[in-house]
Amino acid sequence: MDGGPHARRDPGAPPSGAIVDLRGVKKAFGTLQVLRGVDLAFMRGQTTVVLGPSGTGKSVMLKLIVGLLRPDAGEIRFEGQRVDTLGESSLGPIRRRIGYLFQQGALFDSLDVFGNVAFPLREAGIRNSDEIASRVDRSLRLVGLSDLGARMPSRLSGGQQKRIALARAIVLDPDVILYDEPTTGLDPIRADLINELIIRLQRTLDVTSIVVTHDLASAFRVADRMVMLHEGEVVLDAAPEEFRMSEHPVVAKFLRGEASEEELAQLDTGTTGNG
Ligand SMILES: Nc1ncnc2c1ncn2[C@@H]1O[C@H](COP(=O)(O)OP(=O)(O)O)[C@@H](O)[C@H]1O
Ligand SMILES: [Mg+2]
């Protein structure tokens with residue numbers, strides 16, 4: 001970590017405060033209004049978990065943060081700088097500071113593990129093979145899979161694939177890590193391994209983590225703060241203990257693991273939410 005984790009930060013920025021900030025963010029797809037005015041500040045150094053049922057716009061929110069989607073209204077800032085108005089070329093340097101573990105953690109099938117983890121380094125223009133090797137090795141060590149460099153993705157378990165995708169997401173030593181449903185589809189033991197990694201990486205790399213999930217056990221395990229997204233709005237933004245005690249009907253229902261009215265309606269009509 002050349003010059004330490006704080007080296008690249010704007011010296012004028014406050015030592016604490018929001019690193020990612022959404023103000024009045026709206027996003028629709030055709031007639032489907034997904035985000036209806038989201039105000040959310042992600043605080044530096046914290047792990048914020050964003051909870052909500054499938055189809056509430058959690059993945060959309062992450063894509064908005066890295067500029068893969070554009071909001072219809074509102075503002076999105078990274079360290080105070082507007083990202084929603086930036087062109088592709090100016091987004092590059094910001095994206096390199098944000099590690100993104102995609103929901104479909106897709107590794108490149110044609111590349112071995114080393115090639116997959118090295119990919120963002122090569123994209124960022126790093127050519128020195130010693131530097132690439134040492135950074136890849138460090139990333140693989142951080143996810144506990146340093147001996148798998150030569151393995152092809154098809155020969156990895158689901159949990160290992162997630163961890164390799166995570167190694168790839170952290171290889172550029174990001175300031176922020178976005179986790180999209182990191183534990184979905186994993187058995188409880190593999191899921192807990194991912195939770196443990198989220199906690200450890202936050203400490204080791206001094207990062208800000210944004211974890212999007214509908215897995216409550218995972219949320220309570222990793223969160224410094226919990227946000228409930230419902231019908232395109234933030235309905236609760238609280239410390240885990242406060243969240244657990246919340247009497248907000250939507251949150252209470254979610255905590256009890258009950259289906260929402262919409263989900264029950266979807267059963268009847270045969271349609272499904274996404275994810
Ligand atoms: N690129 C897109 N085009 C059209 N609809 C989309 C697109 N991305 C997401 N959606 C829709 O937006 C809604 C929210 O999606 P998403 O953010 O993936 O939900 P989740 O909370 O499960 O991550 C879903 O109904 C989904 O079908
Ligand atoms: Mg999603």
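A residue is taken as buried when its relative accessible area is under 20%, as exposed when it is over 50%, and as partly exposed in between. In this predicted model, Q103 has a relative accessibility of 22% and therefore counts as partly exposed. By contrast, S59 is buried, at 18%.

These two residues coordinate the magnesium ion (ligand 2), S59 through OG and Q103 through OE1, at 2.0 to 2.4 Å. The pair links distant parts of the chain, 44 residues apart: S59 belongs to helix α1 (residues 58-65), whereas Q103 lies in the loop between β6 (98-101) and α3 (113-123). Of the 8 residues of α1, 7 are buried, so the helix is largely enclosed by the rest of the structure. Among them are K58, V60 and M61. Just after α1, G67 adopts a positive phi of about 75°.

The whole structure contains 19 salt bridges. One of the residues involved, R97, pairs with E79 at 3.1 Å, N to O. E79 is located in the loop between β4 (73-78) and β5 (81-82) and R97 in the loop between α2 (88-95) and β6, so the contact ties together parts 18 residues apart in sequence. R97 also forms a salt bridge with D175, with the closest N and O atoms 2.7 Å apart. Because D175 lies in the loop between α5 (158-170) and β7 (176-180), this pair connects parts that are 78 residues apart in sequence. Both E79 and R97 are buried, and D175, at 2% relative accessibility, is likewise buried. R44, E79, R97 and D175 are linked in a network of salt bridges.

Conventions: Residues numbered from 1 in each chain as written. Chains lettered and ligands numbered in written order. Predicted model: local features only at pLDDT ≥ 70, side-chain atom pairs only at ≥ 80, totals over all residues. Heavy atoms only, no water. Donors = N, O, S within 2.8 Å, 3.2 Å for Na, K, Ca; no water. Helix = DSSP H or I, 4+ residues; strand = E, 2+ residues; numbered from the N terminus. Buried < 20%, exposed > 50% of the residue type's maximum accessible area, 1.4 Å probe, protein only. Salt bridge = Lys/Arg side-chain N within 4 Å of Asp/Glu carboxyl O.
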